[in-house]
Amino acid sequence: MNFKNGKTKWTELYSQIPEEILNKILLRTDTFDRIGPIELPLRIFFKENQEPTKFILYYYGFYKSGENYFLLTQKESLMFDNPIVRVSSNCNWAFDLRSMRCDCEWELEYAKKVVSEESDQDGLIIFALDQHGKSITGGIRGHALIYALGQIQKQDLVYAAYKDNGFRIDYREYDEVISILKSLNINKMRFLSNNPEKIEAFTKSGFGVTRVPIEKPYDKNDSEELGVKKIKLGHHLNLENFNREDISIYGLDPSKVFNGNGNH
Ligand SMILES: [Zn+2]
C-alpha cells in the first residue's frame, strides 16, 4: 500500500476491510470521517477512587484541513439533550510532558470528572489534537518557537510571546468543532470555559450557551498562565490568591508583563 499519497491513503486504508464491518465503525460525510465507537478506560486524577472510568471515544478526521479530533463521552446513544461540553486544545507541554506552567492538564482532568459525573451521561469533551500553541502554524514546532522566543526575551508565553513577535494571540477556529456538535443535533449546551472569545464563537454559531466555570485553584505556577489570561485576555477567572509578584518565579517582571492593566 502507498500511504504517501495523501489523497488516496484513507481509501486504501479502508479498502482492505470488509464493507459490513467498515460500515459499523466508519461514518463518512462531506467534510469528515468519523471512526468509532472505541471503548477506553480512563484514569481521572481528581477521583479518590482511581478505578478506571469507562469512556467512549470517536475519532474525527477532516478532509480539507487534515485536522484531527477526539470526541469523548459516556453516552452510547450519542443523543444529547443540553450537554455539558468541554472543547480542549492539545498542548504538547501538558499532555506529553506534564508541564506545570499551564493549566491545560488540570482543565482536561476536571472536564473528564465533570462529564463522568453528569446525570444521564449528558456530556462530552472534544479534544482538538492539532491545536497546540493556540493553533499557531507549524503545530508543535510553532509552539516550541513561541516558548523559546518568549523565554529568551522575558515575555510572558500567553500574550506577549505571540503579540510582541508579530503573531496573532490565538489562531484557533472552531468551525470544525461546531460541525461535529451540529452533526450530533446539539443546539444548546452548558459550556465549560472561561474564555470569552471561545464562548462568543459558539454563541454566534447559533448554540444556546450557558457558561460553566472551569478554574484551577491558584498556585504560583499558574501566575503567568492564569494571571495573563485574566488581566490581559479578559478571561472569567476569580484568582482569589493571585499575586502579580508571583510571576517572578519565571524570571518575569510583573510591571512589564501586566503593564499596569487590570485590577490586581
Ligand atoms: Zn498547555
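Of the 264 residues of the protein, 31% count as buried, meaning that 20 or more other C-beta atoms, placed from the backbone, lie within 10 Å of the residue's own. This is a predicted model: local features need pLDDT of at least 70, side-chain atom pairs count only at pLDDT 80 or more, and totals for chains, interfaces and linings use all residues. Residues are numbered from 1 along each chain as its sequence is written.

The C-alpha trace spans about 65 × 45 × 40 Å along the principal axes.

The secondary structure comes to 10 helices and 8 strands. Both are DSSP runs numbered from the N terminus, helices being H or I of at least four residues and strands E of at least two. An open sheet of 8 strands has the order 1-2-3-4-6-5-7-8, with mixed pairing; two strands pair if DSSP finds at least two bridges between them. Strand 1 and strand 8 are the edge strands, and each pairs on one side only.

| Strand | Residues |
|---|---|
| Strand 1 | residues 26–28 |
| Strand 2 | residues 32–42 |
| Strand 3 | residues 53–62 |
| Strand 7 | residues 188–192 |
| Strand 8 | residues 208–212 |

Strands of a sheet pair through backbone hydrogen bonds, either parallel or antiparallel. Strand 2 and strand 3 pair in the antiparallel sense over 9 bridges, and Glu-39 stands opposite Ile-56 in strand 3.

Terms used: Contact = placed C-beta atoms within 7 Å. Axes fitted to C-alpha atoms, helices over the stretch in contact; angles between N-to-C directions. Buried ≥ 20, exposed ≤ 12 C-beta atoms within 10 Å, placed from the backbone.
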